[in-house]
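The following note sets out comments on the salt bridges and on the protein–RNA contacts. Please read the points alongside the coordinates.

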Amino acid sequence: MTVRTRFAPSPTGYLHIGGARTALFCWLYSRHHGGDFILRIEDTDRERSTEAAVQAILDGMAWLELAPDEGPFYQTQRFDRYREVAGKLLAEGHAFHCYCSKQELEAMRAEQMVRKEKPRYDGRCRRRKEPVPGVAPVIRFKNPEMGQTVVEDAVKGRVVFDNHELDDLIIVRSDGTPTYNFCVVVDDMDMRITHVIRGDDHLNNAPRQMNILKALGVTPPRYAHLPMILGPDGTKLSKRHGAVSVMQYREDGFLPEAVINYLVRLGWSHGDQEIFSREEMVKLFDIEDVNKSASAINPQKLLWINQHYIKNGDVPALAAELKWHLDRLGVDTAGGPSLEGLVKAQQERAKTLKEMAEGSRFFFEEVKEYEPQAAAKNLTADALPGLEALRAKFAALPDWSAAALHDVLNTTAESLGTKLGKLAQPVRVAVSGGGVSPPIDATLELLGRERSLARLDQAIGFIRKAG
RNA sequence: GCUCCCUUCGUCUAGAGGCCUAGGACGGAGCCCUCUCAAGGCUUAAACGCGGGUUCGAAUCCCGCAGGGAGCGCCA
């Protein structure tokens with residue numbers, strides 16, 4: 001039997017980081033076993049589902065390269081099928097019409113709460129023979145009253161539920177639309193899902209779904225309930241934690257492979273290994289190895305992994321992503337240094353591509369003002385002789401290369417009797433406007449002779465004016 | 001309230017009775033390197049929630065407790 005997993009988000013918002021990990025684990029598990037990964041959009045809540053959210057989920061998955069083998073399937077397009085199955089359940093005595101009003105149900109629950117019982121439907125319409133005139137009924141599944149339902153969960157282990165804890169849940173609303181738990185059951189059956197991998201907030205739904213499946217004469221799939229992902233402070237992830245949408249991570253300068261690598265290590269590990277290629281993940285991943293407990297997101301570690309992938313990444317690909325970020329910053333890259341050159345100069349010192357893009361601005365834009373602190377420290381009268389000497393030598397340099405520039409810097413420092421640092425830092429401030437840049441020789445090379453000389457002149461003028 | 005789940009350094013985790021004076025990683029601290037920022041190298045602090053058992057021996061097995069979480073909708 002081939003393994004078939006599914007990722008089944010409801011399109012009520014963007015793809016968030018927890019959903020992304022669920023999708024990843026589903027994808028990995030199916031890949032590991034040479035199976036199929038199915039995408040199903042659970043859009044039965046027409047109030048909250050939006051077209052834009054569907055697109056956001058698709059975009060997020062595409063960015064993370066978690067392509068489904070089948071789908072997306074939409075539950076709203078399968079209503080006829082759900083009604084058909086509900087009819088079958090009804091005909092076979094596994095379901096019944098319930099005419100209770102919402103007020104009646106509320107009153108029942110209130111009473112149960114007073115008695116310190118778990119609020120649940122008490123089965124009062126089970127044996128009703130006659131319809132109630134003028135009332136559109138819902139259809140409820142007739143849940144077994146005796147015995148137990150055992151979930152042999154791949155992550156949580158054996159979980160036992162008493163059937164009397166489970167009530168007769170509504171499978172079709174009074175308006176004829178099917179409910180979530182029922183759609184899931186029919187879909188998982190029809191799509192021949194072998195492994196249901198989802199968040200552990202669904203663990204309590206598993207026995208209900210299994211019972212419906214059994215009534216339908218189908219063997220339930222294997223379940224694997226993943227622990228939740230928490231915010232950095234250990235509380236439930238929410239908007240106030242900042243980036244929750246995976247696309248926000250792109251905007252913040254993260255690489256998809258870094259996000260994936262970070263996510264795979266949340267609740268799963270392989271000895272002491274931290275860095276995994278896609279191929280390694282697929283080869284090593286097993287759902288049985290997933291942890292039971294929730295894990296908090298650690299932004300620092302994500303940053304570290306991202307830096308790893310930038311440092312070791314493919315230069316042309318990084319350059320393309322850098323371009324994307326520069327465009328977002330509104331930087332015109334025409335006529336500037338090569339983006340690949342910028343990547344090479346900065347890939348060891350940028351934690352994110354956004355940071356790299358921001359650090360690249362001065363290569364394309366004029367230095368309009370200096371960082372006050374950097375200028376106060378470095379653009380001083382003391383620095384003037386060095387800047388002037390370099391300006392002259394640079395102008396005369398036949399070969400504008402990092403090596404040649406490095407040479408000039410060294411010999412000038414020597415002849416002036418100063419350390420390289422005393423010479424390089426004022427140059428850095430002059431050409432970049434601030435105190436941080438790649439090595440000064442590489443910076444100058446990338447910036448080009450014309451711009452470099454103009455900025456040295458500008459800085460020299462600045463110092464004279466101040467003096 | 002009821003049902004279910006979870007509990008190793010701040011965080012992610014290794015650990016499936018002796019290999020554990022509890023290992024790795026991020027972050028922290030210190031040192032080295034250094035033209036800035038980084039990167040890199042080395043060193044270092046830091047954890048088995050608590051209480052009972054079982055056992056010659058428990059982070060690992062059992063039972064309680066405490067704390068955290070999820071679910072209990074004509075939401076998904």
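**Salt bridges and the RNA-facing surface**

1. Arg 78 and Asp 190 are joined by a salt bridge through their side chains, with an N to O distance of 2.8 Å; the term denotes a side-chain nitrogen of Lys or Arg within 4 Å of a carboxyl oxygen of Asp or Glu. Because Arg 78 sits in the loop between E3 and H3 while Asp 190 belongs to helix H5, the pair ties together parts 112 residues apart in sequence. Helices (H or I, at least four residues) and strands (E, at least two) are DSSP runs numbered from the N terminus.

2. The model is predicted: local features require pLDDT of at least 70, side-chain atom pairs count only at pLDDT 80 or more, and totals for chains, interfaces and linings use all residues. Residues are numbered from 1 along each chain as its sequence is written, chains are lettered from A and ligands numbered from 1 in the order in which they are written, and side-chain values use heavy atoms, with hydrogens and water left out.

3. Arg 78 also forms a salt bridge with Asp 187, the closest N and O atoms lying 2.7 Å apart. Asp 187 is in helix H5 (residues 180–190), 109 residues from Arg 78. Asp 187 is buried at 0% relative accessibility, whereas Asp 190 is partly exposed at 26% (buried is under 20% relative accessible area, exposed over 50%, partly exposed in between; 1.4 Å probe, protein chains only).

4. Salt bridges with shared partners connect Arg 78, Asp 187 and Asp 190 into one network, which also includes Arg 6, Arg 40 and Glu 42. The count of salt bridges comes to 31.

5. Another salt bridge pairs Arg 4 with Glu 70, with closest N and O atoms 3.0 Å apart. Arg 4 lies in strand E1 (residues 4–7) and Glu 70 in strand E3 (residues 70–74), 66 residues apart. Arg 4 is buried at 5%; Glu 70 is partly exposed at 25%.

6. RNA strand B is surrounded by 62 residues, the closest being Arg 173, Gly 267, Arg 349, Arg 428 and Ser 437 (near means a heavy atom within 4 Å). Of the RNA strand B atoms within 4 Å of the protein, 71% belong to sugar or phosphate.

7. Among the individual contacts, a polar backbone atom of Arg 265 is 2.9 Å from a sugar or linking oxygen of RNA strand B. A polar side-chain atom of Glu 274 lies 3.1 Å from a base nitrogen of RNA strand B.

Terms used: A polar contact is a pair of N or O atoms within 3.5 Å; within protein, one must be able to donate a hydrogen and the other to accept it, and residues adjacent in sequence count only if both atoms are side-chain atoms.
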